[in-house]
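Here is a note for a colleague who is opening this entry for the first time.

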2 protein chains.
Amino acid sequence: MKDQPWWYGRLKESGARLTEPREIVLEILRSAREHLTATDIYIQAHRMKPSIGLTTVYRTLELLIKLGIVQKFELGEGKARFELVDKPGGEGHHHLVCLKCRKIIDYSDISNDEKEFLSRVEDRLKKKYDFKILDHLMWFYGVCRECRGS
Amino acid sequence: MKDQPWWYGRLKESGARLTEPREIVLEILRSAREHLTATDIYIQAHRMKPSIGLTTVYRTLELLIKLGIVQKFELGEGKARFELVDKPGGEGHHHLVCLKCRKIIDYSDISNDEKEFLSRVEDRLKKKYDFKILDHLMWFYGVCRECRGS
DNA sequence: GTATTTGCAAACTGTTTGCCTGGGC
DNA sequence: GCCCAGGCAAACAGTTTGCAAATAC
């Protein structure tokens, strides 16, 4: 009771049971440094408890998304990625895409300038469109040095 | 010659042939100016020329993406959406997505604040990663009023 | 004329569903 | 003990691939 993760209460109050597979999936998401695919999670979960199936991973993620504990992303790879909503300093992360070689650079070293700007924009959007902004993603498209060289 | 669409030259210089299916797909994208799925495009294309197959739509989109004429998005629906890249020198536009109902709002009324900020970031990225930035896209994720209400 | 592009069908991949068993409370 | 939750296999949906025929240049 003293040191339960923040999502514990949300699971409980929703009436969902706290099962071992769910704890394992949450633990994997908590310790993950980046966005994992369902299969990534399944592989790790399977190592921890071989009886866990891929279906359970999907159903657990679906539940966690519905409860607002997990967020789902797709980055154009044809498969989804998942992360805990509670990401520390959750400014989201940005992508730099080369239009020629399709290389993607993730960068998350967000400056104060960016933080301030984003909170201003989110404020504006909230007022104008009455959206409660939870996250954002920025994509920059360009041509990397190698591709410019050729 | 005087009034070709901006992407015409890019197709030509890539060595790709200007075929009827490609023209049709581009025309659909141009007049839609929205986020169409491959199937949406296929249905429209099929109406204009019934012999066009879904495969051709996918292959055409793949080519156009590689040439930087089209951008691909995935919004967690399990299928991709496609959009013509903004004309070079254009204003760009941003997206507001409701995480519950998946409604998308495009907004392009970009403030000076935003313009200045974006040019600062692009500058930073250019210096840091040596990318020549051509375009950017911002996505904001949130919950719209209707979905918050329920 | 020749290499690229197309269209069909079949293969693949990620995700979801049906159904029965197992486990949390 | 009652049901929710899990596991397997099969179904599904979107996308990709192999190959022969059509077509741009």
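1. On the surface near DNA strand C, H4(A) gives the most, with 4 residues. Here a residue is near a strand if one of its heavy atoms lies within 4 Å of it, and helices (H or I, at least four residues) and strands (E, at least two) are DSSP runs, numbered from the N terminus. Helix H4 (54–66) of chain A is joined by helix H2 (20–32) and helix H4 (54–66) of chain B, each of them supplying at least two residues of this surface.

2. Before going further, please note that this is a predicted model, in which local features need pLDDT of at least 70 and side-chain atom pairs count only at pLDDT 80 or more, while totals for chains, interfaces and linings use all residues. Residues are numbered from 1 along each chain as its sequence is written, chains are lettered from A and ligands numbered from 1 in the order in which they are written, and side-chain values use heavy atoms, with hydrogens and water left out.

3. Around DNA strand C there are 22 residues, of which Tyr58(A), Thr19(B), Ser51(B), Thr56(B) and Arg59(B) come nearest. By type, the residues of this surface divide into 8 nonpolar, 7 polar and 7 charged, where Ala, Val, Leu, Ile, Met, Phe, Trp, Tyr, Cys and Pro count as nonpolar, Asp, Glu, Lys and Arg as charged, and the others, Gly among them, as polar.

4. Which part of DNA strand C supplies the atoms within 4 Å of the protein? Sugar or phosphate accounts for 62% of them, and bases for the rest.

5. Chain B can be laid on chain A with an RMSD of 2.0 Å by a turn of 180° and a shift of 0.6 Å along the axis, the superposition being made by least squares on the C-alpha atoms of residues with pLDDT of at least 70 in both. The two copies are thus related as by a two-fold rotation axis. The same surface serves both copies, since 91% of the contact residues of chain B recur in chain A, contact meaning heavy atoms within 4.5 Å.

6. Over all chains, 11 salt bridges are found, each defined as a side-chain nitrogen of Lys or Arg within 4 Å of a carboxyl oxygen of Asp or Glu. One of them joins two chains, because Asp130(B) lies in the loop between helix H5 (112–129) and strand E6 (132–143) of chain B and Arg145(A) in helix H6 (residues 145–149) of chain A; the N to O distance is 3.2 Å. Asp130(B) is partly exposed at 25% relative accessibility and Arg145(A) is exposed at 52%, on a scale where buried means under 20% relative accessible area, exposed over 50% and partly exposed in between (1.4 Å probe, protein chains only).

7. Within helix H5 (residues 112–129) of chain A, Lys127(A) and Asp123(A) are 4 residues apart, about one turn of the helix, and their side chains meet in a salt bridge (3.1 Å, N to O). In chain B, Asp123(B) and Lys127(B) also form a salt bridge, at 3.1 Å from N to O. Elsewhere in chain B, a network of salt bridges links Asp40(B), Glu77(B) and Arg81(B).
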